[in-house]
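Please keep the sequence and the model in view while reading.

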Amino acid sequence: QVQLVESGGGLVQAGGSLRLSCAASRNIFSFNSMGWYRQSPGKQRELVAAITIGGSRDYADSVKGRFTISRDNAENTVYLQMNSLKPEDTAVYYCNGRTIVLGRKNDYWGQGTQVTVSS
């Protein structure tokens with residue numbers, strides 16, 4: 001059973017910073033990619049940032065230049081550093097780990113952590 005445990009959410013003023021952590025119960029290199037998604041009320045879950053097993057990074061246009069995804073291989077942890085936060089960044093943030101086996105994608109999710117940015 002794969003577990004992804006997020007931490008680091010909270011309430012912050014606009015312009016502030018937060019760092020989210022996602023601790024995996026197994027080696028993060030067992031995933032083809034790991035990433036962060038977010039979902040706010042009435043909206044679909046959207047990709048925020050992802051990092052592949054090879055180290056390639058991808059970001060949503062809305063967070064480019066403000067958010068950085070990174071990983072600590074020894075700790076099996078993925079981070080999301082969020083700077084210059086805006087009220088529109090308010091959402092529940094979910095950690096994702098994806099495996100691809102014989103062409104089939106399998107997604108694993110954390111329980112989510114709330115990020116609230118006040119104006």
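How many aromatic pairs does the count come to? Rings of Phe, Tyr and Trp (its six-membered ring) are taken to pair if their centres lie within 6.5 Å, with planes under 30 degrees apart counted as stacked, over 60 as edge-to-face and the rest as tilted. By this rule there are two aromatic pairs. The model is a predicted one, in which local features need pLDDT of at least 70 and side-chain atom pairs count only at pLDDT 80 or more, while totals for chains, interfaces and linings use all residues. Residues are numbered from 1 along each chain as its sequence is written, and side-chain values use heavy atoms, with hydrogens and water left out.

Strands are DSSP runs (E, at least two residues), numbered from the N terminus. Burial is judged by relative accessible area (buried under 20%, exposed over 50%, partly exposed in between; 1.4 Å probe, protein chains only). Phe31 counts as buried because its relative accessibility is 1%, whereas Tyr108 is partly exposed at 27%.

In the pair of Tyr37 and Trp109, the ring centres are 5.0 Å apart and the planes stand at 75 degrees, so this pair is edge-to-face. Tyr37 lies in S4 and Trp109 in S10, and the pair therefore ties together parts that are 72 residues apart in sequence. Tyr37 is buried, with a relative accessible area of 16%, while Trp109 is partly exposed at 34%.

Charged side chains also meet aromatic rings. A charge is said to sit over a ring if NZ of Lys or CZ of Arg is within 6 Å of the ring centre and within 35 degrees of the ring normal. The charged end of Arg26 sits over the ring of Tyr108, 5.6 Å from its centre. Arg19 lies over the face of Tyr79, at 4.2 Å from the ring centre.

Which cysteines does the disulfide join? The structure holds one disulfide (a pair of cysteine sulfur atoms within 2.5 Å), and Cys22 is joined in it to Cys95, with an S to S distance of 2.0 Å. The torsion about the S-S bond is about -75 degrees, so the disulfide is left-handed. Cys22 lies in S3 and Cys95 in strand S9 (residues 91-101), so parts that are 73 residues apart in sequence are tied together. Both Cys22 and Cys95 are buried.

In soluble globular proteins, nonpolar side chains tend to be buried together. A nonpolar core is here a set of buried Ala, Val, Leu, Ile, Met, Phe, Trp, Tyr and Cys residues joined through side-chain atoms within 4.5 Å. The largest such core has 28 residues, of which Trp36, Leu80, Met82 and Tyr93 touch the most other members. Several strands each supply at least two residues of this core, including strand S5 (46-52) and strand S11 (113-118). The largest share, four residues, comes from S3.

Four strands form an open antiparallel sheet in the order S1-S3-S8-S7, where two strands pair if DSSP finds at least two bridges between them. Strand S1 (4-7) and S7 stand at the edges with a single partner strand each, so one side of each is left without a neighbour in the sheet. Six bridges join S7 to S8, which run antiparallel. Ile69 stands opposite Leu80 in S8.
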